[in-house]
Amino acid sequence: MRTTLTLDDDLAERLQREARSSGQRFKSVVNEMLRLALDIRTEPPVRRSLVWRETPLRTGLDFESTSELLDRLDGPAAP
């Protein structure tokens, strides 16, 4: 299909540079780049599942005792 397309100067320059360095025609480079961009946008997001694992903390601290935790952070409580 033949169409007219107006490109920003910086974009046209980058496409021309790519065509020169790859030895491809300008039209081929434009088509390839458009295909790449459209494929990236239309790919479904990768669904990842998370596995929750509980790991015991090995700190030597009793997290049930607020006063022990404060003593460890601030030093012994003053009387």
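The following legends describe close-up views of a predicted protein model.

Residues are numbered from 1 along each chain as its sequence is written. In this predicted model, local features need pLDDT of at least 70, side-chain atom pairs count only at pLDDT 80 or more, totals for chains, interfaces and linings use all residues, and side-chain values use heavy atoms, with hydrogens and water left out.

**Figure 1. The protein chain as a whole.**
The protein chain contains three helices and zero strands, arranged along the sequence in the pattern α-α-α. Helices (H or I, at least four residues) and strands (E, at least two) are DSSP runs, numbered from the N terminus. Of the 79 residues in the protein chain, 8% are buried; buried denotes under 20% relative accessible area, exposed over 50%, and partly exposed in between (1.4 Å probe, protein chains only). The protein chain exposes about 8,300 Å², of which carbon and sulfur atoms supply 52%. Accessible areas come from the Shrake-Rupley method with a 1.4 Å probe, and for residues only the protein chains shown count as cover.

Within helix 1, the residues A12, L15 and A19 are buried. They lie on the same side of helix 1 because they cover an arc of only 65° around the axis, the arc being that of the directions from the helix axis to the C-beta atoms. The face turned away from this buried side carries the exposed residues D9, D10, R14, R20 and S21. After helix 1 comes G23, with a positive phi near 80°.

**Figure 2. The largest pocket.**
The largest pocket holds about 400 Å³ of space. On a 1 Å grid over the protein atoms alone, a pocket is an open set of points where a 1.4 Å probe fits, with protein on both sides within 12 Å along at least five of seven lines; lining residues have an atom within 4 Å of a point. Grid points are joined across faces, edges and corners, and a volume is the space filled by probe spheres set on the points. The lining consists of M1, R2, T3, T4, L5, L7, F26, K27, V30, N31 and L34. By class, these residues divide into six nonpolar, three polar and two charged. Ala, Val, Leu, Ile, Met, Phe, Trp, Tyr, Cys and Pro count as nonpolar, Asp, Glu, Lys and Arg as charged, and the others, Gly among them, as polar. One of the lining residues, K27, is located in helix 2 and counts as exposed at 55% relative accessibility. The C-alpha atoms of K27 and Q16 are separated by 9.7 Å, with the two residues 11 apart along the chain.

**Figure 3. The second largest pocket.**
About 170 Å³ of space lies in the second largest pocket, which is lined by L5, L7, L11, R14, L15, E18, V30, M33 and L34. Helix 1 and helix 2 (26–42) are the elements that give two or more residues to this lining. Helix 1 gives the most, with four residues. The lining has seven nonpolar, no polar and two charged residues. M33 is found in helix 2 and is partly exposed, with a relative accessible area of 33%. The C-alpha atoms of M33 and L15 are 8.8 Å apart, while the residues are 18 apart along the chain.
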